[in-house]
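My notes follow, in the order I looked things up.

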Amino acid sequence: MTRTLSTDIGGRMSLTQRILIAMGLGLILGALLQWIALPQEHFVNAFVLNGVIDAGGKIFITLLKMLVVPLVFVSLVCGAASLGDTGSVGRLGGKTIGLYLLTTAIAVSMAMLIALTTDPGLGGESVNQIQPATAYEPKTAPSVKDTLINVVPGNPIAAMADGKMLQVILFALLFGLALSKAGTSGQKLRSFFTDLNEVMMRLITMIIALTPIGVFCLMTQLGATLGLAEIAKVAMYFATIVIALLAHAALVYPLLLKSLTGLSPLAFLAKMREPLLVAFSTSSSGATLPVTLRTVEHKLGVPNNVASFAVPLGATINMDGTAIMQGVATVFIAQFYGIDLGLTALLTVVLTATLASIGTAAVPGVGLITLTLVLDQVGLPVEGIALIIGVARLLDMLRTAVNVTGDATVATVVASSENQLDRDVFNAPDQQAAA
């Protein structure tokens, strides 16, 4: 039996390998279709690219999103019920939210420092000739007061139907705490939710097996529509954000992990391959949530009661990658329009970008909406967002990967601080099943 299992795992490619191959093939096919430049009404574009492939990518993301609300609710109820017995909900919540806000503040501060060093909006004639990629009509960003009020669900069922994750999280926490205080009746329901959580994990495994197909479709669409000319126009802006994102992911998170837990950052990043690839492909922390939660629990050794609290909360309020984009974009737009940002304005950007990350939906492109709030706070023209829309999609992919890394890092650090991290699981070799 052991020999058969080993042969099966060793004889087939791991899920990570299949995702990487699918990603590469998709980008190549998409770039080839863009290079051939067939008419839109051609069979290949109309039926294959904009039909079958586009539908495949959207179905894959929808399948992942289908899991998010029930998974968050069920796992968080289980976690809150367990934490309610020990009375550690408040302590764990304070640590988690505090770390998320700290990393976001560091992210936007570092991004602005890098941007002020590289001066992405002062690139001379080529930058000054940039024309807006498209017209931009800013949406009203919610105030901090409205964000806090909207955390409380007036109708929990409606909140689940609408995917309002902060409301779902709050209701699940309260419901789980009530279970821990409800005696025999609560114990019966806790057993039900524990079994239901196991079923959800099995469902996640089934859908994750489809990841290479979904990634292939998404990457083909990206390769066919990626505007290299738009990247060239704002190359310094693009490069500045990429540098800041890589610095945050490769320096801040590893230092945080090493200093607070003593664990190996390299082992951590190696085990985060699958969530990072899914995050990069979907550009959505919410869609990646099932994969992240599965990895954090089964590969990093974070117990369910911590992971089910920290990871969904992080997918909702931890937007370090988005904060980096907002910091660099603010400096870029200010320099482009020749507006000087003083120290007060820079500090305002840090505070506003950090607070704006709370309650931001974990979906592609939402960073542009919250950017309007940041620009308004420092008196910059919101119309400047139109300058950077052309590269927003590709940067969305990178930002989401950073956000997901932050979610897993904080969950691991919090579990370690509570002496609940299974270090044997974290340090164990990453044996990836082929399924």
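**Charged pairs**

I started with the side chains of Lys 299 and Glu 274, which meet in a salt bridge at 3.6 Å, N to O. Worth noting at the outset: this is a predicted model. I then checked where the two partners sit. Lys 299 is in the loop between helix H15 (285-298) and helix H16 (304-317), while Glu 274 is in helix H14, so the bridge ties together parts that are 25 residues apart in sequence.

Are these two buried or exposed? Lys 299 has 16% relative accessibility, so I put it down as buried. Glu 274 comes out at 4%, so it goes down as buried too. The cut-off I needed here is that buried means under 20% relative accessible area.

How many salt bridges turn up in a search of the whole structure? I got six.

Arg 91 and Glu 418 bring their side chains together in a salt bridge of 2.7 Å, N to O. Arg 91 belongs to helix H4 (residues 89-118) and Glu 418 to the loop between helix H20 (392-417) and helix H21 (423-427), so this pair ties together parts 327 residues apart in sequence. Arg 91 is partly exposed at 46% relative accessibility, whereas Glu 418 is buried, with a relative accessible area of 11%.

Lys 95 also meets Glu 418 in a salt bridge, and the N to O distance is 2.7 Å. Lys 95 lies in helix H4 and Glu 418 in the loop between H20 and H21, so here the parts tied together are 323 residues apart in sequence. I have Lys 95 as partly exposed, with a relative accessible area of 27%. Through shared partners, Arg 91, Lys 95 and Glu 418 are joined into one salt-bridge network.

**The whole chain**

Next I stepped back to the overall numbers. The protein chain has 21 helices and zero strands. Of its 435 residues, 52% are buried. I also looked at contacts with a separation of 6 or more: residues 24 or more positions apart account for 85% of them. The accessible surface comes to about 19000 Å², and 66% of that belongs to carbon and sulfur atoms.

**Aromatic rings**

I counted rings next, and the structure holds eight aromatic pairs. Phe 73 and Phe 175 make one that is tilted, with 6.1 Å centre to centre and 45 degrees between the planes. The pair links distant parts of the chain: Phe 73 is in helix H3 (residues 43-86), Phe 175 is in helix H8 (residues 165-180), and they are 102 residues apart. Phe 73 is buried at 13% relative accessibility, but Phe 175 is partly exposed at 28%.

Tyr 237 and Phe 332 form another tilted pair, at 5.0 Å centre to centre and 45 degrees between the planes. Tyr 237 lies in helix H12 (residues 235-261) and Phe 332 in helix H17 (residues 320-336), so the pair ties together parts that are 95 residues apart in sequence. Both are buried.

Which residues form one aromatic cluster? I wrote down Phe 73, Phe 171, Phe 175, Phe 192 and Phe 193.

**Inside the core**

Leaving out residues up to four places away in sequence, Val 72 touches Met 165, Val 168, Ile 169, Leu 289 and Pro 312.

Phe 280 lies in helix H14 (residues 273-282). I checked Phe 280 against Thr 400: they are 120 residues apart in sequence, yet 6.4 Å apart in space, C-alpha to C-alpha. Apart from its neighbours within four places in sequence, Phe 280 is in contact with Met 23, Met 219, Met 397 and Leu 398.

Met 13, Ile 21 and Leu 25 make a nonpolar surface patch of about 270 Å². Ile 21 is found in helix H2 (residues 15-36) and is partly exposed, with a relative accessible area of 42%.

Technical notes. Residues are numbered from 1 along each chain as its sequence is written. This is a predicted model: local features need pLDDT of at least 70, side-chain atom pairs count only at pLDDT 80 or more; totals for chains, interfaces and linings use all residues. Side-chain values use heavy atoms; hydrogens and water are left out. Helices (H or I, at least four residues) and strands (E, at least two) are DSSP runs, numbered from the N terminus. Buried means under 20% relative accessible area, exposed over 50%, partly exposed in between (1.4 Å probe, protein chains only). Contact means heavy atoms within 4.5 Å. Accessible areas come from the Shrake-Rupley method with a 1.4 Å probe; for residues, only the protein chains shown count as cover. Rings of Phe, Tyr and Trp (its six-membered ring) pair if their centres lie within 6.5 Å; planes under 30 degrees apart count as stacked, over 60 as edge-to-face and the rest as tilted. Patches are made of residues with over 30% relative accessible area and no salt bridge: like charges are joined within 9 Å, nonpolar side chains (Val, Leu, Ile, Met, Phe, Trp, Tyr) within 5 Å. A salt bridge is a side-chain nitrogen of Lys or Arg within 4 Å of a carboxyl oxygen of Asp or Glu.
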